[in-house]
Amino acid sequence: MTQHTTATSGLSVRSVSKSFGTGPKAVSVLQDVDLDIDDGEFVAVVGPSGSGKSTLLNAIAGFVTPDRGELLVNGEPVRGPGPSRCVVFQEYAIFPWLTVRRNIDFGTRLRAWKGTRPERARVTDRYLDMMGLTEFADALPKTLSGGMRQRVAIARAYAVDPEILLMDEPFAALDAQTREQMQEALVDINQRERRTVLFVTHQVEEAIFLADRVVVMSARPATVQEVVDVPWGDRRTHEIKTEPEFVRLRRHIETLLRSRR
Ligand SMILES: Nc1ncnc2c1ncn2[C@@H]1O[C@H](COP(=O)(O)OP(=O)(O)OP(=O)(O)O)[C@@H](O)[C@H]1O
């Protein structure tokens with residue numbers, strides 16, 4: 001396994017534990033989770049249903065406070081939600097009263113680099129183009145398909161330019177064909193923009209297709225069971241899914257998940 005470390009860049013999760021409830025009804029969800037994600041790395045998290053994947057993501061986002069342990073983004077402790085981390089949810093969490101362009105423009109306003117209005121407009125145009133949304137720029141979200149709405153959510157998240165992008169099953173509600181198109185769109189935008197991404201998914205195939213490393217969580221209380229390196233670099237076309245190495249990795253991870261350690 002590659003050695004990934006750095007307390008001062010990227011994300012560090014150090015011995016993070018979290019329980020919900022108190023007394024005999026307390027449920028231990030995360031137990032001593034350790035994880036380092038380097039700057040610009042794409043990491044997918046898979047695990048049994050209810051194991052605590054979303055809880056981990058929510059702790060990094062600052063929505064959930066760990067009972068123990070430490071979360072660092074570029075060396076700074078996470079103390080709550082903030083613009084260094086941007087979340088893309090499964091539900092299409094975009095503003096229904098704003099057009100596609102204005103939704104993405106909202107993201108550019110949250111950037112550390114403010115820029116003038118024309119400069120921001122150019123940034124918005126770039127994201128519209130990258131996500132294939134230019135012809136829908138003036139449309140309201142309700143007139144768009146689920147896949148297109150999720151393109152808007154992803155474009156807006158990249159437009160914020162956060163240090164870490166957190167994606168919680170963003171394609172789970174989409175049909176299989178749209179999901180594959182979205183996976184390609186995400187590969188494309190991330191190869192151009194290269195952000196640090198933590199991506200939670202149920203689909204092992206999706207995790208291997210998208211990520212540089214796949215973190216396999218155990219059953220609850222979740223710990224990191226294994227971290228699997230994915231060897232394709234930027235070569236991410238759907239053809240790799242039938243290559244023997246892809247199939248081997250998929251089987252290996254599925255076996256780990258079935259073992260429910
Ligand atoms: N705010 C909360 N209060 C109480 N229990 C919670 C809370 N959030 C999560 N849980 C519990 O923590 C456990 C882990 O939930 P979580 O959503 O993190 O798992 P998950 O791995 O993302 O699940 P899934 O794969 O089904 O999406 C579940 O038993 C859930 O009911």
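Helix 2, residues 100–109, is mostly covered, with seven of its ten residues buried. Here, buried means 20 or more other C-beta atoms within 10 Å of the residue's own, exposed means 12 or fewer, and partly exposed is in between, with C-beta atoms placed from the backbone. Helices (H or I, at least four residues) and strands (E, at least two) are DSSP runs, numbered from the N terminus. This is a predicted model, where local features need pLDDT of at least 70, side-chain atom pairs count only at pLDDT 80 or more, and totals for chains, interfaces and linings use all residues. Residues are numbered from 1 along each chain as its sequence is written.

So much for the ground rules; back to helix 2. Its buried residues are V100, R101, N103, I104, D105, G107 and T108.

In the loop between helix 3 and helix 4 you'll find S145. S145 and T178 sit 33 residues apart in sequence and 9.9 Å apart in space, C-alpha to C-alpha.

Now for the ligand. Around it are F20, V27, V29, G47, S49, G50, S51, G52, K53, S54, T55 and H202, where near means a C-beta atom, placed from the backbone, within 6 Å. Strand 2 (27–37) and helix 1 (53–61) each give two or more residues to this shell, and helix 1 has the largest share, with three residues.
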